[in-house]
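Thanks for making the time. I will go through one structure today, starting with the surface and ending with the backbone.

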Amino acid sequence: MTIRHVRSLAAFGAVLAAGVAGTSQASAKDLTLCWAAWDPANALVELSKDFEAKSGVKMKFEFVPWPNFADRMLNELNSGGKLCDLMIGDSQWIGGAAENGQYVKLNDFFDKEGIKMDDFIPATVVGYAEWPKNSPNYWALPAFGDVVGWSYRKDWFARPELQTEFKKKYGRDLAVPKTFAELKDIAEFFQKREIDGKTVYGAAIYTERGSEGITMGAMDVLYSFGFQYENPDKPYELDGFVNSAKAVQGLEFYKQLYDCCTPPGHSDAYMSEDIDAYKSGQVALHMNFAFTWPGINADANVGGDKSGYFPNPAGPDGVAFAQLGGQGISVVSASEKKDDALAYIKWFAQPEVQQKWWQMGGYSALRKVVEDPGFATSQPYAQTFLDSMAIVKDFWAEPAYASLLQATQKRFHDYVVAGQGSAQDALDGLAKDWTQIFDDEGKY
């Protein structure tokens with residue numbers, strides 16, 4: 001959670017005045033940065049005016065709506081296109097982009113300019129910058145921290161009559177859930193309840209089939225139940241880990257939550273559908289990436305004190321994890337303006353720029369920003385962001401990630417939404433799918 005939308009496997013096949021970076025070529029008159037079309041991108045346009053003023057380089061932007069982003073940009077990378085000088089690409093592209101020579105390796109540049117990866121949230125370095133994972137080989141600078149968490153109708157939870165009824169039924173206060181079992185109780189409590197003359201529902205969760213939605217949602221739960229991608233002691237050994245008893249229990253829970261507590265017609269929902277359900281007052285609980293929280297907080301219907309935020313609750317064993325989202329910023333190898341693109345990264349990495357990035361609605365991954373004593377209280381959702389980023393896991397970042405994701409989407413959607421077979425069947429099948437993919441990749 002990264003945010004990654006893959007529609008098909010076809011997608012794969014000037015010096016700064018402050019001395020930001022030296023160039024060996026004539027300064028480019030402009031740079032094009034490619035990203036998704038969403039609110040953070042608009043904030044980056046405003047932020048980048050400072051770079052333009054200091055460098056004399058004009059920034060251009062190519063923003064593509066999320067449903068088309070991966071197809072468009074991965075085709076651009078795979079074709080060697082020169083549209084993008086800088087790309088804020090999905091974390092899952094790192095493996096393929098590194099091995100296929102599509103991103104510039106940044107180690108020498110970081111060393112030269114004194115940019116230290118230790119200065120960034122560790123999970124974002126692993127998730128957005130490294131390939132191979134957990135090695136000091138960097139292909140991006142952490143650009144936008146993100147993670148799946150929850151927002152909830154704080155004003156509904158506070159209603160005395162609902163508090164009384166909930167406590168009578170469950171023997172505890174109606175409050176932020178500490179476990180997924182408690183979350184399901186709350187969702188069931190609100191399902192088809194009438195509030196202010198309107199029928200409301202329990203929870204908006206991810207169920208989308210076409211790109212990555214149901215994978216991000218189900219994995220977000222499975223991690224806390226004990227799912228593991230592989231044998232920690234033997235890479236790519238999947239059987240008994242992907243389809244363990246604990247993983248099965250987690251997938252069963254996700255289906256139960258879908259069956260009991262989602263709004264009508266919520267069978268193909270991802271980020272936009274979930275936020276629409278929440279902002280329109282349909283649901284009490286809302287699963288989504290943290291990037292949605294500033295918009296919720298500012299919303300006329302559900303913003304301010306009407307909403308609260310909490311990180312993923314714990315599974316049956318008391319352990320909590322959350323699905324990582326977010327992206328890093330990379331220099332595209334095909335660019336003819338690499339020096340100026342590197343100058344942009346040097347500028348973007350500065351603490352004062354990162355602080356402004358947070359203030360403007362971007363989620364900085366710089367530790368100096370997020371570990372500042374005032375950060376946790378700077379926004380109503382800031383502490384939840386910190387708590388969530390401390391427990392993240394992520395999907396495969398292998399070059400074959402699109403194939404791995406496509407298999408996961410089908411297995412999860414067929415079981416959770418379509419009701420085909422059992423959770424054990426789905427995960428047994430997924431383990432076989434992934435094993436075949438890795439076998440084709442020569443991993444065995």
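The accessible surface of the chain comes to about 16900 Å², and carbon and sulfur atoms account for 48% of that. Keep in mind that this is a predicted model, so every value I quote is computed from predicted coordinates. Of the 444 residues, 59% count as buried.

On charge, there are 42 positive side chains and 59 negative ones. The centres of those two sets lie 3 Å apart.

Now the overall build. The chain has 19 helices and 10 strands. Its radius of gyration is 22 Å, close to the 22 Å that the globule rule gives for 444 residues, so the chain is as compact as a globular protein of that length. Along the principal axes, the C-alpha atoms fill a box of roughly 70 × 50 × 35 Å.

Next, the aromatics. How many aromatic pairs does a search of the whole structure find? The count is 53 aromatic pairs. I will show two of them, and a reminder on how to read the numbers: a pair of aromatic rings is described by the distance of the centres and the angle of the planes.

Take Tyr 309 and Tyr 381. Their ring centres are 5.8 Å apart and their planes meet at 80°, so this pair is edge-to-face; the cut-off for that class is over 60 degrees. The pair links distant parts of the chain. Tyr 309 belongs to strand β8, residues 307–310, while Tyr 381 is in the loop between α16 (367–370) and α17 (382–389). The two are 72 residues apart. Are these tyrosines buried or exposed? Tyr 309 has 8% relative accessibility and counts as buried. Tyr 381 has a relative accessible area of 5% and is buried. Both values fall under the 20% limit for that label.

The other pair is Phe 395 with Trp 434. This one is edge-to-face, at 6.0 Å centre to centre and 75° between the planes. Here again the pair links distant parts of the chain, 39 residues apart. Phe 395 is in the loop between β10 (392–393) and α18 (401–416), and Trp 434 is in helix α19, residues 423–440. Both Phe 395 and Trp 434 are buried.

The charged end of Arg 193 sits over the ring of Phe 189, 4.0 Å from the ring centre. Lys 255 lies over the face of Tyr 415, with 5.7 Å to the centre of the ring.

Phe 189 brings me to helix α9, where it is one of the buried residues. Which residues of α9 are buried? Among them are Phe 180, Leu 183, Ile 186, Ala 187 and Phe 190.

As background, most residues other than glycine have a negative phi, and most peptide bonds are trans.

Just after α9, Lys 192 takes a positive phi of about 60°. Lys 192 is in the loop between α9 and β5 (193–195). Its relative accessible area is 63%, so Lys 192 is exposed.

Where does Asn 134 lie? Asn 134 is in the loop between α6 and β4. It has a positive phi of about 60° although it is not a glycine. With 65% relative accessibility, Asn 134 counts as exposed.

Pro 132 is in that loop too, between α6 (122–129) and β4 (141–153). The peptide bond joining Trp 131 and Pro 132 is cis, with omega about -10°.

Two C-alpha distances to finish. Asn 78 is found in helix α3, residues 66–78, and at 33% relative accessibility it counts as partly exposed. Asn 78 and Asn 100 are 22 residues apart in sequence and 8.4 Å apart in space. Gly 202 lies in strand β6, residues 198–204, and is buried, with a relative accessible area of 0%. From Gly 202 to Val 248, 46 residues along the chain, the C-alpha atoms are separated by 23 Å.

That is the end of my list.

Methods: Residues are numbered from 1 along each chain as its sequence is written. Side-chain values use heavy atoms; hydrogens and water are left out. Helices (H or I, at least four residues) and strands (E, at least two) are DSSP runs, numbered from the N terminus. The radius of gyration is taken over C-alpha atoms; the globule rule is 2.2 Å times the number of residues to the power 0.38. Buried means under 20% relative accessible area, exposed over 50%, partly exposed in between (1.4 Å probe, protein chains only). Accessible areas come from the Shrake-Rupley method with a 1.4 Å probe; for residues, only the protein chains shown count as cover. Lys and Arg count as positive and Asp and Glu as negative; His and the chain ends are not counted. The place of a charge is taken as NZ of Lys, CZ of Arg, CG of Asp or CD of Glu. Rings of Phe, Tyr and Trp (its six-membered ring) pair if their centres lie within 6.5 Å; planes under 30 degrees apart count as stacked, over 60 as edge-to-face and the rest as tilted. A charge sits over a ring if NZ of Lys or CZ of Arg is within 6 Å of the ring centre and within 35 degrees of the ring normal.
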